[in-house]
Amino acid sequence: ALTVKDKAVEVRLQPGLIKDEPTTLGTLATLLSASLAGTAQAASTLDVGVGVGAGTIAGNAYTPGGVTVLVGDSVRFTIASDEPHSITFGNGPAGVPPPNWPAAGFAGTVPAPPATAALTATYDGTGFLNTEVIFKGSTATVTFTSPGSFGFICVIHPGMAGTVNVVAGGATTTQADADAKAALTRNALLGAVDSLAQSTTAQVK
């Protein structure tokens, strides 16, 4: 009997039905192993937006702010607003204000805008990982190698935070789910900005 993803696959052969039985059974076992190995779920990448708005309208949020992925999966953060942001896991140097924390853990360089960065890193839930401030269109892809719940922040926007839950198996966030939650966040933030603008205009009049 073989077990694949918690489901038993049992193969029974009646003795004497196969000529040269030991050789045939060995070949069958090899073929089954190769076939079942192909059923393992391939690592995937989930896209998360960073920031909302353009020009003078800015919403400081990760969209969505909470996702669940499998061990070995990646999350690709993309700066979506004109306002710059960071993707930062863990704590920076003691005694240094977060806006001054140095870049750490990512491969790649951060060019001056309007050029964009394409940073990559792996994270096991320990240590310090920081993009520093990056600009619109830049990406930071983090591959998670251990299970756990890992919080992240933007170093220049207090209160802007999110969480990546990394699991060994079970339900995860699909891209459709992430996009739907992101749309709700964007609409809520931009709606709040519109309401504030209308209120301010009314007071001026």
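E132 is located in the loop that connects strand 9 and strand 10, and in this predicted model the residue adopts a positive phi of about 65° although it is not a glycine. Most residues other than glycine have a negative phi, and most peptide bonds are trans. With a relative accessibility of 32%, E132 counts as partly exposed, because the partly exposed class lies between the limits of under 20% for buried and over 50% for exposed.

Two further backbone features are found in loops and concern peptide bonds. T63 and P64 are joined by a cis peptide bond with omega at about 0°, and P64 belongs to the loop between strand 4 and strand 5. A cis peptide bond also joins P113 and P114, where omega is about 15°; P114 is part of the loop between strand 7 (88-89) and strand 8.

The mean pLDDT of the chain is 84, and 74% of its residues reach 70 or more. Over residues 1-13, however, the pLDDT is below 50, and this stretch has 18 contacts in the model beyond near neighbours in sequence. The pLDDT is likewise below 50 over residues 27-39, a stretch for which 8 contacts beyond near neighbours in sequence are found in the model.

In terms of secondary structure, the chain contains 2 helices and 12 strands, which follow one another along the sequence in the pattern β-β-α-β-β-β-β-β-β-β-β-β-β-α. Among the contacts in the chain with a separation of 6 or more, 65% are made by residues 24 or more positions apart. Of the 205 residues of the chain, 28% count as buried, while the chain exposes about 11500 Å², of which carbon and sulfur atoms supply 57%.

Strand 10 is mostly covered, with 5 of its 6 residues buried.

Another open sheet of 5 strands has the order 5-12-11-7-9, and the pairing in this sheet is mixed as well. Its edge strands are strand 5 and strand 9 (129-130), each of which pairs on one side only. Strand 11 and strand 12 are paired in the antiparallel sense over 6 bridges, and S149 has N165 as its bridge partner in strand 12.

The packing of nonpolar side chains was examined next. In soluble globular proteins, nonpolar side chains tend to be buried together. The largest nonpolar core of the model has 28 residues, and those with the most contacts inside it are Y62, F77, I87, F89, F144 and V164. At least two residues of this core are supplied by each of strand 3, strand 5 (66-70), strand 6, strand 8, strand 10 (139-144), strand 11 (148-153) and strand 12 (161-167). For V164, one of the residues with the most contacts inside the core, the contacts found when neighbours within four places in sequence are left aside are with V67, V69, V75, F77, F89, F144, G148, S149, F150 and F152.

How values were computed
Residues are numbered from 1 along each chain as its sequence is written. This is a predicted model: local features need pLDDT of at least 70, side-chain atom pairs count only at pLDDT 80 or more; totals for chains, interfaces and linings use all residues. Side-chain values use heavy atoms; hydrogens and water are left out. pLDDT is the predictor's confidence in each residue, from 0 to 100. Contact means heavy atoms within 4.5 Å. Helices (H or I, at least four residues) and strands (E, at least two) are DSSP runs, numbered from the N terminus. Buried means under 20% relative accessible area, exposed over 50%, partly exposed in between (1.4 Å probe, protein chains only). Accessible areas come from the Shrake-Rupley method with a 1.4 Å probe; for residues, only the protein chains shown count as cover. A nonpolar core is a set of buried Ala, Val, Leu, Ile, Met, Phe, Trp, Tyr and Cys residues joined through side-chain atoms within 4.5 Å. Two strands pair if DSSP finds at least two bridges between them.
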